[in-house]
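This report goes through the strands, the nonpolar cores, a salt bridge and a pocket of one model. It begins with a term for accessibility and then applies it.

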Amino acid sequence: MTIQHMTRATLAATLIATFSHAALADMPPADVQVPDGNTVALETVGVGAITYMCEAKDDGTMGWVFKGPHAALNDSEGTQVGSYYGPPATWEALDGSKITGTQLAVAPNGDGNIPLQLVEANPAEGEGAMSGVSYIQRLNTQGGVAPDVACDEGHDGATAVVTYQADYIFWTAN
């Protein structure tokens with residue numbers, strides 16, 4: 001084998017390895033992967049805010065408690081196709097169809113970001129884009145964690161609204 005052939009072979013092997021690592025980097029952790037037998041039905045980007053309230057937690061300590069999200073669900077062009085709000089966590093398409101669900105798993109996504117999430121969908125209300133959705137994945141989260149400011153008896157009842165963004169992928173059974 002000549003040096004030129006060895007260089008091409010090495011370059012090809014390096015490129016294949018690089019693409020394999022890049023593909024693996026885009027895969028969500030196993031905990032939040034959708035089971036086999038489901039297909040992507042709709043991909044959206046949620047852009048909005050999460051509200052927290054300073055109050056006594058179940059263990060008696062003061063802390064920021066999650067109260068609910070409110071976000072626009074946008075398509076790849078940035079056009080709003082639905083909303084996400086709660087509680088309970090509800091994904092609603094502009095056609096009026098909507099779903100709620102049960103959280104199955106979460107996985108960390110770095111400091112300052114709410115976790116990745118896998119939700120099993122309840123049957124849809126209304127006919128439309130949310131009909132037949134089996135799972136919802138929350139991926140590529142940015143922001144949204146409780147604020148890093150004082151929450152003590154002196155701040156009891158204070159609210160904080162924190163911006164966030166996340167991809168919401170809606171799946172249907174095959």
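A residue is called buried when its relative accessible area is under 20%, exposed when that area is over 50%, and partly exposed in between. The model is predicted. Val45 has a relative accessible area of 24%, so this residue is partly exposed. Its place is in strand 1. Beyond its neighbours within four places in sequence, Val45 is in contact with Ala72, Leu73 and Asn74, and also with Gln165, Ala166 and Asp167. Val45 and Ile169 are 124 residues apart in sequence, yet their C-alpha atoms are 8.5 Å apart in space.

Nine strands make up an open sheet with antiparallel pairing, in the order 5-4-3-2-1-9-8-7-6. Strand 5 (98-99) and strand 6 (101-107) are at the edges; each has a single partner strand, so one side of each has no neighbour in the sheet.

| Strand pair | Bridges | Direction |
|---|---|---|
| Strand 1 and strand 9 | 15 bridges | antiparallel |
| Strand 1 and strand 2 | 12 bridges | antiparallel |
| Strand 2 and strand 3 (residues 80-85) | Five bridges | antiparallel |

Met53 has Thr159 in strand 9 as its bridge partner. Ile50 stands opposite Pro69 in strand 2, and His70 stands opposite Tyr85 in strand 3. Strand 1 and strand 2 form a hairpin with five residues between the strands, where Gly60 takes a positive phi near 90 degrees.

**The salt bridge**

How many salt bridges does a search of the whole structure find? The search finds one. Lys67 forms a salt bridge with Glu55, and the closest N and O atoms are 3.2 Å apart. Lys67 belongs to strand 2 (residues 62-74) and Glu55 to strand 1 (residues 38-56), and the two are 12 residues apart. The relative accessibility of Lys67 is 35%, so Lys67 counts as partly exposed.

In soluble globular proteins, nonpolar side chains tend to be buried together. The largest nonpolar core here has 24 residues, and those with the most contacts inside this core are Trp91, Ile99, Ile136, Tyr164, Tyr168 and Phe170. Two or more residues come from each of strand 1, strand 2, strand 4 (90-93), strand 7 (116-121), strand 8 (133-143) and strand 9 (159-173). Strand 9 gives the most, with six residues.

Not counting residues up to four places away in sequence, Ile99 touches several residues, including Ala89, Thr90, Trp91, Met130, Val133, Ile136 and Phe170. Ala121, Asn122, Pro123 and Ala124 are also among the residues that Ile99 touches. A second, separate core has 10 residues, among them Ala105, Leu118, Leu139 and Trp171.

**The largest pocket**

What volume of space lies in the largest pocket? It is about 420 Å³. The lining of the largest pocket consists of 22 residues, and Phe66, Tyr84, Gln103, Gln117 and Arg138 lie nearest the centre of the pocket. At least two lining residues come from each of strand 1, strand 2, strand 6, strand 7 and strand 9. Strand 6 supplies the largest share of the lining, three residues.

Note on methods: Residues are numbered from 1 along each chain as its sequence is written. This is a predicted model: local features need pLDDT of at least 70, side-chain atom pairs count only at pLDDT 80 or more; totals for chains, interfaces and linings use all residues. Side-chain values use heavy atoms; hydrogens and water are left out. A salt bridge is a side-chain nitrogen of Lys or Arg within 4 Å of a carboxyl oxygen of Asp or Glu. Helices (H or I, at least four residues) and strands (E, at least two) are DSSP runs, numbered from the N terminus. Buried means under 20% relative accessible area, exposed over 50%, partly exposed in between (1.4 Å probe, protein chains only). A nonpolar core is a set of buried Ala, Val, Leu, Ile, Met, Phe, Trp, Tyr and Cys residues joined through side-chain atoms within 4.5 Å. Contact means heavy atoms within 4.5 Å. Two strands pair if DSSP finds at least two bridges between them. On a 1 Å grid over the protein atoms alone, a cavity is a set of points where a 1.4 Å probe fits but cannot get out, and a pocket is an open set with protein on both sides within 12 Å along at least five of seven lines; lining residues have an atom within 4 Å of a point. Grid points are joined across faces, edges and corners, and a volume is the space filled by probe spheres set on the points.
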